[in-house]
Amino acid sequence: MNNFVTDAINLKAYNLSEADKIIVMYSKDKGLIRGVAKGVKKPKSKLGARMDLLVANKLMLYKGKNLDRICQAEALNTFHKTRQNMDKIFYSMYITEVVNNFGVEDDPCSKEVYELLYKALDKISNAENSIEIMISVIKFQLKMMQISGLGVELDNCLCCGEPIKDENMYFSSQMGGILCTNCNEKYHLHNVMHYKLRDFLNSCLDNDFDFVSEYDRKANDKVCSVCFELLKEYINVHSSKKFNSTDILQEIK
């Protein structure tokens, strides 16, 4: 059978011709996939808005030699509230770019990554304020890196291996975790992390999107912004591809 069915979220789109586009998607069964949406730019296209970015679809595709062809699409979630808020749009673009940069074809973790992305996009879409948006993004950053084998060490010093509890520490994007004050005399890191900030990140990593912890309730814009920037830098350092969405985010702040 040359046809296959999968759930997928639209990440990027490229023009192929006057009427056609190539859609880059992350699918529940096959990881990153690319499909041709024929005639999608025509006013009477059967695919239409279902091929917009940040849409989750149930798709039927025809397996091609070089590119698959999208035959049918049924929208599962358009995350419509996202399109009414610029912050939601840009942070949703950012997390889809993370998936595009770290996702692979025939990904053995495809179901886990798909469900993580879907939950994060849905939570961002339904967020009632900027803090809820940011906490969803931070949870996504931490969990996506963990799935990718690049989980951040937040409990023990990467140098001496000793646990760091109620004391300040230093964060290294290159090393992927924390260093104690003593060990940092050798590395001279400048990113000081208060232990309560580390505890907030651990809570975000351990809890699902629907669980509101005491750390979530106490979080403010400054805490969320510091954590997001710290994780953004870490992800940038370990990505083989450049991020475009973070440049846009920087411009609008």
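The model is predicted: local features need pLDDT of at least 70, side-chain atom pairs count only at pLDDT 80 or more, and totals for chains, interfaces and linings use all residues. Residues are numbered from 1 along each chain as its sequence is written, and side-chain values use heavy atoms, with hydrogens and water left out.

**Exercise 1. The whole chain**

Solution: 
- Of the 253 residues, 48% count as buried (buried means under 20% relative accessible area, exposed over 50%, partly exposed in between; 1.4 Å probe, protein chains only).

**Exercise 2. Radius of gyration**

Task: Compare the radius of gyration of the protein chain with that of a compact globule of 253 residues.

Solution: 
- The radius is taken over C-alpha atoms, and the globule rule is 2.2 Å times the number of residues to the power 0.38.
- For 253 residues the rule gives a value near 18 Å; the protein chain has 20 Å, which agrees.
- Along the principal axes, the C-alpha atoms fill a box of roughly 65 × 35 × 30 Å.

**Exercise 3. Ser213**

Task: Locate Ser213, and decide whether Ser213 is buried or exposed.

Solution: 
- Ser213 is found in the loop between helix 5 (195–206) and helix 6 (214–218); helices (H or I, at least four residues) and strands (E, at least two) are DSSP runs, numbered from the N terminus.
- Its relative accessible area is 5%, so Ser213 is buried.
- Not counting residues up to four places away in sequence, Ser213 touches Ser203 and Asn207 (contact means heavy atoms within 4.5 Å).
- The side chains of Ser213 and Ser203 are joined by a polar contact of 3.0 Å. Such a contact is a pair of N or O atoms within 3.5 Å; within protein, one must be able to donate a hydrogen and the other to accept it, and residues adjacent in sequence count only if both atoms are side-chain atoms.

**Exercise 4. Asn129**

Task: State which backbone atom the side chain of Asn129 reaches.

Solution: 
- Asn129 is found in the loop between helix 2 (110–126) and helix 3 (130–147).
- Asn129 counts as partly exposed because its relative accessibility is 38%.
- Its side chain reaches the backbone nitrogen of Ile131 at 3.1 Å.
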